[in-house]
Amino acid sequence: MDPRTTRTLRSAAIAFAGALLIVASPIGLARLLPPHSLPPGGFIVVVTAAAILAAIWTIYFVIKIGRRADELHRTLERDAWYWGGLGGLTLSMPLYAFIGMGGLHWIDPAIPISAGLFRAFVIGYGLPICLQGLGFGIAILWQRHKTL
Amino acid sequence: MKNRLKVLRAERNWSQAELADRLDVARQSVNAIETGKYDPSLPLAFRIARLFGCPIETIFDDAP
């Protein structure tokens, strides 16, 4: 394995392990605290703040890895994200419809079905898709501004 | 796109890894360019041309 690949893999491992540690540490620390020692919602705020820190940590390494990568690997990754992401999104549509309509309950009646679960599923599915679309929109506007 | 990268490299007795180092790319990139699986960007094509001291069009040929 060439040194460039080794460095990239090392950075990716540090990024992943670090992000996991940052997100998991408040959960671990909360277990050490006496019950109800945090104000209501306090734990949610702390974990959300940890997730923001983990995202910043990950972005730092993603930029570092991206800058270090040579153009072939950047091209391959861009194509993989574009076509792989597009394929994944397309595949998710029928699954979304199936699960959203209660398909899992239909297959196995032991899986519960309720308005609350349906809402959670719709938000859980919709949030990353909407943010991905928003991210794409911002990126394409920025690219056009820079290029055209 | 066809190219003469392998020939030029062989003339200088360089390994793919050596050429990759000189071009500041990964060895797999040199291999992909040599086998015609990947066409380099214009800046990289210029770097290759400068390294071998010949015009780009004598290294790369876009004729089908």
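Mentor: Happy to! Helices (H or I, at least four residues) and strands (E, at least two) are DSSP runs, numbered from the N terminus. By that count, chain A has five helices and zero strands, and from the N terminus on the order reads α-α-α-α-α. The radius of gyration of chain A, taken over C-alpha atoms, is 20 Å, well over the 15 Å that the globule rule (2.2 Å times the number of residues to the power 0.38) gives for 148 residues, so chain A is more spread out than a compact globule. A word on the source: this is a predicted model, where local features need pLDDT of at least 70, side-chain atom pairs count only at pLDDT 80 or more, and totals for chains, interfaces and linings use all residues. Residues are numbered from 1 along each chain as its sequence is written, while chains are lettered from A and ligands numbered from 1 in the order in which they are written.

Along its principal axes, the C-alpha trace of chain A spans about 50 × 45 × 35 Å. Of the contacts in chain A (C-beta atoms, placed from the backbone, within 7 Å) with a separation of 6 or more, 68% join residues 24 or more positions apart.

As for the neighbour, six residues of chain A are in contact with nine residues of chain B. Helix α3 (residues 27-34) of chain B supplies the largest share of chain B's side, four residues.

Definitions and conventions
Two residues are in contact if their C-beta atoms, placed from the backbone, lie within 7 Å.
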